Amino acid sequence: MLLEALGSALLGLVLAAVAAHRLAHRLPARSLVFATGVAGALFGAFITHSALGTGSVLLTLIGATVVSIASLSLLLRPAGRLRRRSVAA
């Protein structure tokens with residue numbers, strides 16, 4: 001269980017670093033991105049471990065990855081300015 005938690009936290013940290021590097025212009029502060037990545041991975045590992053039980057380390061890490069990516073995607077801002085065109089009457 002401890003190795004699953006450490007592995008999930010490390011996985012969330014790596015995913016957050018990749019997201020912060022590739023999408024820096026669309027994300028808020030780096031500290032928030034890293035905290036969200038790690039927290040999402042730990043929460044995903046907890047949920048997956050609770051659902052599947054012990055003995056499925058690979059599936060627990062996959063669940064941690066999915067929840068971490070989903071959590072990080074909630075931080076994304078729109079790529080450009082939103083344009084509002086008025087309809088000609």
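Analyst: Two residues are in contact when they have heavy atoms within 4.5 Å of each other. By that rule, and leaving aside neighbours within four places in sequence, T60 is in contact with E4, A45, T48 and H49. Note that the model is a predicted one.

User: Why is T60 called buried?

Analyst: Buried means under 20% relative accessible area. T60 has 1% relative accessibility, so T60 counts as buried. The residue lies in helix α3.

User: What makes T36 buried or exposed?

Analyst: The cut-off for buried is under 20%, and T36 has a relative accessible area of 17%, so T36 is buried. T36 is found in helix α2. Not counting residues up to four places away in sequence, T36 touches S71, L72 and L75.

User: How many helices and strands does the protein chain have?

Analyst: The protein chain has three helices and zero strands. Read along the sequence, the pattern is α-α-α.

User: How do you know what span to expect of α1?

Analyst: The expected span is 1.5 Å times one less than the number of residues. α1 has 21 residues, and the expected value is 30 Å. From the first C-alpha of α1 to its last, the helix reaches 30 Å, close to that expectation.

User: Which residues of α1 are buried, and why are they said to be on the same side?

Analyst: The buried residues of α1 are E4, S8, G12, A16, A19 and A20. They cover an arc of only 135° around the axis, so they sit on the same side of α1. The face turned away from that buried side carries the exposed residues L2, L3, L6, L10, H21 and R22. Exposed here means over 50% relative accessible area. What covers the buried residues of α1 includes α2 and α3.

User: What describes the packing of α1 and α2?

Analyst: Two packed helices are described by the angle between their axes and the distance between the axes. Helix α1, residues 2–22, and helix α2, residues 30–52, pack at an angle of about 140°, and their axes are 8 Å apart. The crossing of α1 past α2 is right-handed.

User: Which residues make the contact between α1 and α2?

Analyst: From α1 the contact takes E4, A5, S8, A9, G12, L13, A16, A17 and A20. From α2 it takes R30, V33, F34, G37, V38, A41, L42, A45 and H49. By class, twelve of the residues in this contact are nonpolar, four are polar and two are charged. Gly is counted among the polar residues.

User: How does the span of α3 compare with the expected one?

Analyst: Helix α3, residues 57–73, has 17 residues, for which 24 Å is expected. The helix reaches 24 Å from its first C-alpha to its last, close to the expected value.

User: Why are the buried residues of α3 said to line one face?

Analyst: In α3 the buried residues are T60, G63, A64, S68, S71 and L72. Seen down the axis of α3, they fall within an arc of 160°, so they line one face of the helix. On the face turned away from the buried side are the exposed residues L58 and V66. What covers the buried residues of α3 includes α1 and α2.

User: How many residues does the protein chain have, and what percentage of them are buried?

Analyst: The protein chain has 89 residues, and buried residues make up 27% of them. Among contacts between residues at least 6 apart in sequence, 71% join residues at least 24 apart.

Technical notes. Residues numbered from 1 in each chain as written. Predicted model: local features only at pLDDT ≥ 70, side-chain atom pairs only at ≥ 80, totals over all residues. Heavy atoms only, no water. Axes fitted to C-alpha atoms, helices over the stretch in contact; angles between N-to-C directions. Helix = DSSP H or I, 4+ residues; strand = E, 2+ residues; numbered from the N terminus. Left-handed = near helix turned anticlockwise from the far one by under 90°. Buried < 20%, exposed > 50% of the residue type's maximum accessible area, 1.4 Å probe, protein only. Arc of directions from axis to C-beta.
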